[in-house]
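This report looks at nonpolar packing and at aromatic rings. The structure comes first.

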Amino acid sequence: MMQIRKSQDRGYTDHGWLKSFHSFSFAGYYEPQYMGWGNLRVINEDRIAPGSGFATHGHRDMEIISYVLSGELAHKDNMGNGCAIAPGDVQRMSAGCGVMHSEYNHAPMDTTHFLQIWITPNVRGIAPSYEQKSFAAAQKRGALRLIASPDGAERSVTVHADARLYTGLLNGAEHAELALSPARKAYVHVVRGEVSLNGRKLAGGDAALMAEESALILSDACEAEVLVFDLAA
């Protein structure tokens with residue numbers, strides 16, 4: 001089973017300083033059919049205006065991944081972490097028993113464009129933790145590069161959840177495949193460009209919710225950047 005969700009069908013919020021598309025129900029956007037997929041709970045495509053951002057706020061018991069597309073995201077938390085997240089970086093924050101953090105775009109002119117991803121953890125109440133790694137474009141070119149996993153395989157960031165996240169850059173004749181367990185779920189999010197997924201054409205912002213599938217094949221791409229989630233059902 002594969003269900004396509006088009007970009008324009010997502011929820012949308014405009015706060016002036018923040019413009020956000022919601023793939024799943026979030027804050028003031030509620031769509032009971034889209035409360036998450038497997039243990040994937042949130043994908044927000046956020047654009048933060050120059051000189052603005054999220055003031056200090058709290059999270060608990062959630063695995064949070066930030067994936068920056070353009071600009072920089074300044075992160076600061078009560079664990080003592082303070083750093084800039086740039087394109088190519090993957091940040092993982094395990095909120096655990098509670099963490100406070102802020103996210104800002106300090107640039108005077110440039111918008112920060114990033115994906116905020118939440119995955120439900122398989123353990124609760126753990127000590128909060130933070131991890132950030134950079135993945136060069138060459139590692140993603142014509143392939144699906146593992147960037148988050150429960151065991152930190154292939155130098156991916158470690159999530160406390162039964163989930164694996166891959167990213168790929170595809171163009172022209174480049175293609176990528178991933179074997180799936182029919183007992184699990186998968187979610188494909190097209191960050192930008194165009195690509196065919198198992199013969200179905202997708203464009204930037206589109207997504208596919210997959211269940212009881214044994215494989216996914218990405219092909220016929222045009223400057224595509226793709227995220228692929230292998231998820232607990």
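Buried means under 20% relative accessible area. F229, at 0%, therefore counts as buried. The model is predicted.

**Nonpolar cores**

The largest nonpolar core has 28 residues. Within this core, L40, I117, Y187 and F229 touch the most other members. Elements giving two or more residues to the core include β4 (40-48), β11 (112-119), β17 (185-197) and β20 (215-231).

What is F229 in contact with, leaving aside neighbours within four places in sequence? The contacts are L40, I43, I117, R164, L165, K185, A186 and Y187.

**Aromatic pairs**

The count comes to five aromatic pairs. Two of them are tabulated here.

| Pair | Centre to centre | Angle between planes | Class |
|---|---|---|---|
| Y12 and F21 | 4.7 Å | 45 degrees | tilted |
| Y187 and F229 | 6.1 Å | 65 degrees | edge-to-face |

Y12 is partly exposed, at 43% relative accessible area. F21 is partly exposed too, at 24%. The rings of Y187 and F229 have their planes at 65 degrees, so that pair is edge-to-face. This pair links distant parts of the chain: Y187 sits in strand β17 and F229 in strand β20, 42 residues apart. Y187 is buried, at 2% relative accessibility. Ring pairs also link F24, Y187 and F229 into a cluster.

**Charges over rings**

The charged end of R5 sits over the Y34 ring, 3.8 Å from its centre. K185 lies over the face of W37, 4.0 Å from the ring centre. K185 is also one of the residues in contact with F229.

Key
Residues are numbered from 1 along each chain as its sequence is written. This is a predicted model: local features need pLDDT of at least 70, side-chain atom pairs count only at pLDDT 80 or more; totals for chains, interfaces and linings use all residues. Side-chain values use heavy atoms; hydrogens and water are left out. A nonpolar core is a set of buried Ala, Val, Leu, Ile, Met, Phe, Trp, Tyr and Cys residues joined through side-chain atoms within 4.5 Å. Buried means under 20% relative accessible area, exposed over 50%, partly exposed in between (1.4 Å probe, protein chains only). Helices (H or I, at least four residues) and strands (E, at least two) are DSSP runs, numbered from the N terminus. Contact means heavy atoms within 4.5 Å. Rings of Phe, Tyr and Trp (its six-membered ring) pair if their centres lie within 6.5 Å; planes under 30 degrees apart count as stacked, over 60 as edge-to-face and the rest as tilted. A charge sits over a ring if NZ of Lys or CZ of Arg is within 6 Å of the ring centre and within 35 degrees of the ring normal.
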